[in-house]
Amino acid sequence: MQLHISPSLRHVTVFPGKGVREFIKVKAGSKRFSYRMVLYSLLFFTFLLRFVFVMTAVETIDGQRNCSSLGCLGKRLAPRILGRTSPSSVPEVLYEVFEEPSRVIDEKNPGSDIPQSLEEFMAEMRDSRPDARTFALKLKTMVNYLEQRTRTAKIQEYLYRHVASSSIPKQLYCLTLRLANEHSMNSAARLQLPNPEQVPYLVDNSFFHFVLASDNVLAASVVANSLVRNSLKAEKVVLHIITDKKTYAPMQAWFALHPLTPAVIEVKALHQFDWISKGKVPVMEAMEKDQKARSQFRGGSQAIVASDTERPHVIAAKLQAMSPKYNSIMNHIRIHLPELFPSLNKIVFLDDDIVIQTDLSPLWDIDMNGKVNGAVQTCSGDDKFVMSKRLKNYLNFSHPLIANNFHPEECAWAYGMNIFDLKAWRNSNITDSYYQWLQLNLKSDLSLWQLGTLPPGLIAFHGNVHVIDPFWHMLGLGYQENTSLIDAENAGVVHFNGRAKPWLDIAFPQLRPLWARYINFSDKFIKGCHIRDA
């Protein structure tokens, strides 16, 4: 280092040496480091203050008192920061009131002390400023009352839908009468179906054989029209229509006067089958016993809706079990398909509440792997209401006969559009098993299952079901109106299973056009009976 002093001694100049210069550089670097630390500290404390502000706001919103000191704030925030839970601030008396048994309220005379809405309840609480117990009792009473009213309204809705779905619309009754009259007056309505040249096709296994069992002329016409219109090989389609004795003449007249050339259509009544006319038929005996047991055991629809303990959806299922459809011979006869069509090896069975929207001939190319029944499973899919069905939804697993033979979580499958390998069926004991379980259910006072022919079908075909792609069978169009219309339009077959059948006034208006497009509303029989598009 050099030191220079001016002659006047007024100025002193210092020239640092190399070592001092390095020292000064180090000091300067330390200052920059300190500045950075200060900046980072400020950022950290800014974040911390924001966090404290948010937590304090939450405390205030929760109804806590404001803290006047950091110590108070720390006691409140520390458990949250450290992940610990603080004791509940809800008064214990509220839990005691809610756990007390609820009283049944007379809906017609609930009393003036029960608020009828949340607005009334809040106004009363503001005016009276009650203690916690009085508040809880009043709230619980109001909620129970409104819940009871909601349950009653829901059950009434199910009952009305049950009545509507079980009745025959006057338009369909009119159509049946007009066609029956036409059958008696017009020889063209009595033409043999099929014509003599086509009779050999009825037992020819090179054709695509479909079976439809129905006593509803209009519904059968939609199934037949949609099948033939969407078929790429209509000349190879044979549709066997099975009906009952009273509907045979109207059904014969309709298809005689509305031919679906080049497809082959056969209309046959049950009494015309040799197998049924020979003597006692198990399905007839089972139906008689089933109807007798239901009338004595269940007490009718009024007894079902009078229950105070059942949930509404359980009552809805029991009402549906009372539907005439489930006691109809048309619903039971499918278990005897091998006997009804002894010359056929493979058929596709169709319900009368479906609409076909694609060519179904590829179903004959599906390898069934030795299974008897090709069906769509109903335990997975976007529609959680319809496609969430397992065996536990149909069978009573509290009964040892069911619990010891089946698993509750096993997937269910659907009737409506099924491929049946009749050759494999004849080599099985499916039909015998079906009737054995029907007898067991009748002996147990219908405690194994309650709803229709699907539960015994699930049991009888157990282990003999080949799962097919859901494209071939979309269900639920008669259950709920929020069914995706886009999905329905893109499905191969749509099924209006449920109460809201497309020919009823309770049908869902946005879904009905899928069915109505296959009806000619200018037809004289359709117009004469005032059957309209909407």
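Predicted model: local features only at pLDDT ≥ 70, side-chain atom pairs only at ≥ 80, totals over all residues.
Author: Residues are numbered from 1 along each chain as its sequence is written, and side-chain values use heavy atoms, with hydrogens and water left out.

Reader: Why is W425 called buried?

Author: Buried means under 20% relative accessible area, exposed over 50%, partly exposed in between (1.4 Å probe, protein chains only). W425 has 2% relative accessibility, so W425 counts as buried. F420 is buried too, with a relative accessible area of 0%.

Reader: What makes F420 and W425 a tilted aromatic pair?

Author: Rings of Phe, Tyr and Trp (its six-membered ring) pair if their centres lie within 6.5 Å. Planes under 30 degrees apart count as stacked, over 60 as edge-to-face and the rest as tilted. F420 and W425 lie 5.3 Å centre to centre, with 50° between the planes, and form a tilted pair. Ring pairs also link W413, Y415, F420, W425 and F461 into a cluster.

Reader: What makes the pair of F273 and F341 edge-to-face?

Author: Their planes are 80° apart, and the centres lie 6.2 Å apart. Both residues are buried. F273 lies in the loop between β5 (264-269) and α9 (274-277), and F341 in the loop between α14 (337-340) and β6 (346-350), so the pair ties together parts that are 68 residues apart in sequence. Helices (H or I, at least four residues) and strands (E, at least two) are DSSP runs, numbered from the N terminus.

Reader: How do you know that K268 lies over the face of F273?

Author: A charge sits over a ring if NZ of Lys or CZ of Arg is within 6 Å of the ring centre and within 35 degrees of the ring normal. K268 lies over the face of F273, at 4.5 Å from the ring centre. R334 does likewise over Y415, at 3.9 Å.

Reader: Why is α7 called largely enclosed?

Author: Of its 13 residues, 12 are buried, so the rest of the structure largely encloses α7. Among the buried ones are V217, L218 and V228.

Reader: How do you know that the span of α7 is close to the expected one?

Author: The expected span of a helix is 1.5 Å times one less than its number of residues. With 13 residues, α7 reaches 18 Å from its first C-alpha to its last, close to the 18 Å expected.
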